[in-house]
Amino acid sequence: NAPTPTPARTPTPTPCASCPTPASGVLEARHRLGDPTAPSDNQLKPHLEIVNRGTSPIALSRVKARYWFTAEGTQAQSWWCDWATVGCANVTGTTARLASARPGADSYLELRFASGAGSLAPGATTGEIQSRVAKSDWSAYDERDDWSWDATHVQFTSSPRVTLYLDGVLVWGSEPGATSTATPAPTETRS
């Protein structure tokens, strides 16, 4: 008999024991273009902020944000934090290439927060996080076909195409090619 293969282990994020588990949609991503008149230059400049729409504080070290884009090539990419209200020392960014391209994305920028970023109180925002991404050869991107890019975002605007994860679970937005979203649908209000 052939030996039984051992299944691959998939790590499961473990939320902290003392942290309340917020409901889906408790966080909101807002996006602003850092260079709205240059969608085909040699840098991506997504400026992001995250809002706590819930009723409990959330440690930012539990949160990840992803900005989805097409790399237009296979060159290595670098990320810079130009400025952040929480301090650039408390924000890290990495770019990752997807195993298979999706509509509007073959890569993403992932932002994470160090414990020094603190907690996000209910109703509070991280404030602006100004990011930049460039390829090692400084060749151009074409952001106009990127999942997270939106030409209308010249001011901070709610962006369901920037995804947020709490303890590794999608709680805001829609990944490219996904059939579901963690962004709550607006509810009708009557006066």
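Reader: What does tyrosine 108 touch, not counting residues up to four places away in sequence?

Author: Tyrosine 108 touches Arg66, Tyr67, Trp68, Phe69, Thr94, Thr95, Ala96 and Leu98. A contact here means heavy atoms within 4.5 Å. Keep in mind that this is a predicted model, where local features need pLDDT of at least 70 and side-chain atom pairs count only at pLDDT 80 or more, while totals for chains, interfaces and linings use all residues. Residues are numbered from 1 along each chain as its sequence is written, and side-chain values use heavy atoms, with hydrogens and water left out.

Reader: Why is tyrosine 108 called buried?

Author: Its relative accessible area is 14%, and buried means under 20% (exposed is over 50%, partly exposed in between, with a 1.4 Å probe and protein chains only). So tyrosine 108 counts as buried.

Reader: What joins the side chains of tyrosine 108 and arginine 66?

Author: A polar contact of 3.3 Å. The cut-off is a pair of N or O atoms within 3.5 Å, one able to donate a hydrogen and the other to accept it. In sequence, tyrosine 108 and arginine 66 are 42 residues apart, yet their C-alpha atoms are 6.1 Å apart in space.

Reader: What makes the pair of phenylalanine 69 and tyrosine 141 edge-to-face or stacked?

Author: Their ring centres are 6.2 Å apart and their planes stand at 80°, so this pair is edge-to-face. Rings of Phe, Tyr and Trp (its six-membered ring) pair if their centres lie within 6.5 Å; planes under 30 degrees apart are stacked, over 60 edge-to-face, the rest tilted. Phenylalanine 69 sits in strand β4, tyrosine 141 in the loop between β9 and β10, 72 residues apart. Both are buried.

Reader: And why is the pair of tryptophan 80 and tryptophan 138 called stacked?

Author: With centres 5.8 Å apart and planes at 20°, the pair falls under the stacked limit, so stacked is the word. Tryptophan 80 is in strand β5 and tryptophan 138 in the loop between β9 and β10, so parts 58 residues apart in sequence are tied together.

Reader: How do you know that tryptophan 80 and tryptophan 138 are partly exposed?

Author: Tryptophan 80 has a relative accessible area of 30%, and tryptophan 138 has 40%. Both values fall in the partly exposed range, so that label applies.

Reader: What puts lysine 135 over the face of tyrosine 141?

Author: Lysine 135 lies at 4.6 Å from the ring centre. The rule asks for NZ of Lys or CZ of Arg within 6 Å of the centre and within 35 degrees of the ring normal.

Key: Helices (H or I, at least four residues) and strands (E, at least two) are DSSP runs, numbered from the N terminus.
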